[in-house]
Amino acid sequence: MDKIVSLCKRRGFIFPGSEIYGGMANSWDYGPLGVELKNNIKQGWWKRFVHQRSDMVGLDAALIMNPKVWEASGHLKNFSDPLVECKKCHHRFRADQLVGNECPDCGGKLTDRANST
């Protein structure tokens, strides 16, 4: 990962957020080439999944919303991601994306399905 980040920084694609002030974990700033690449990917995705489908519409909304929005949408009452954990390697997986009761990484047994939000 260090080599990839170094290459991206040298080529002007991406930089750790607030790097000159000590940085921030999980935050990235885009350089000139990174902005162009990100915008091209976003435009291609938007064209394919919004413009070329009759059952989709575009929406750009804030991530931080009044809790009443989450309640009205059903996310507070009905939303859950059932997870399972491998008893051997301790990796976690979404239960709805697995087939069988074996860990796809190591073949170990998985815990019972439990809901977590």
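## Salt bridges

E85 and R92 form a salt bridge whose closest N and O atoms are 3.3 Å apart, where a salt bridge is a side-chain nitrogen of Lys or Arg within 4 Å of a carboxyl oxygen of Asp or Glu. In this pair E85 is partly exposed, with a relative accessible area of 22%, whereas R92 counts as exposed at 57%; buried means under 20% relative accessible area, exposed over 50% and partly exposed in between, with a 1.4 Å probe and protein chains only. This is a predicted model, in which local features need pLDDT of at least 70 and side-chain atom pairs count only at pLDDT 80 or more, while totals for chains, interfaces and linings use all residues. Residues are numbered from 1 along each chain as its sequence is written, and side-chain values use heavy atoms, with hydrogens and water left out.

Across the whole structure, a search finds four salt bridges. One of them joins the side chains of K9 and E19, at 2.6 Å from N to O, and this pair links distant parts of the chain, since K9 belongs to helix α1 (residues 2-11) and E19 to the loop between β1 (14-16) and β2 (28-30), 10 residues apart. Helices (H or I, at least four residues) and strands (E, at least two) are DSSP runs, numbered from the N terminus. Both partners are partly exposed, K9 with a relative accessible area of 30% and E19 with 35%. Another salt bridge brings R53 and D55 together, with 2.8 Å between the closest N and O atoms; here R53 is partly exposed at 32%, but D55 is exposed at 53%. Side chains of opposite charge can pair when their charged atoms come close.

## Aromatic residues

The structure holds two aromatic pairs, which are counted for rings of Phe, Tyr and Trp (its six-membered ring) if their centres lie within 6.5 Å, with planes under 30 degrees apart taken as stacked, over 60 as edge-to-face and the rest as tilted. W45 and W46 make a tilted pair, with 6.3 Å from centre to centre and 50° between the planes. The rings of W45 and F49 have centres 5.3 Å apart and planes at 35°, so this pair is tilted. W45 and F49 are separated by about one helical turn because they lie four residues apart in helix α2 (residues 32-51).

Together, W45, W46 and F49 form one aromatic cluster. W45 is partly exposed at 46% relative accessibility, W46 at 31% and F49 at 32%. The charged end of R48 sits over the ring of F49, 5.0 Å from its centre, a description used if NZ of Lys or CZ of Arg is within 6 Å of the ring centre and within 35 degrees of the ring normal.

Leaving aside residues up to four places away in sequence, F93 touches P82, L83, V84, L98, C103, P104, D105 and L110, where contact means heavy atoms within 4.5 Å.

K109 lies in the loop between β4 (92-94) and β5 (114-116) and counts as exposed at 58% relative accessibility. Residues up to four places away in sequence not being counted, K109 touches E85, C86, K87 and N101. The C-alpha atoms of K109 and V84 are separated by 9.8 Å, with the two residues 25 apart along the chain.
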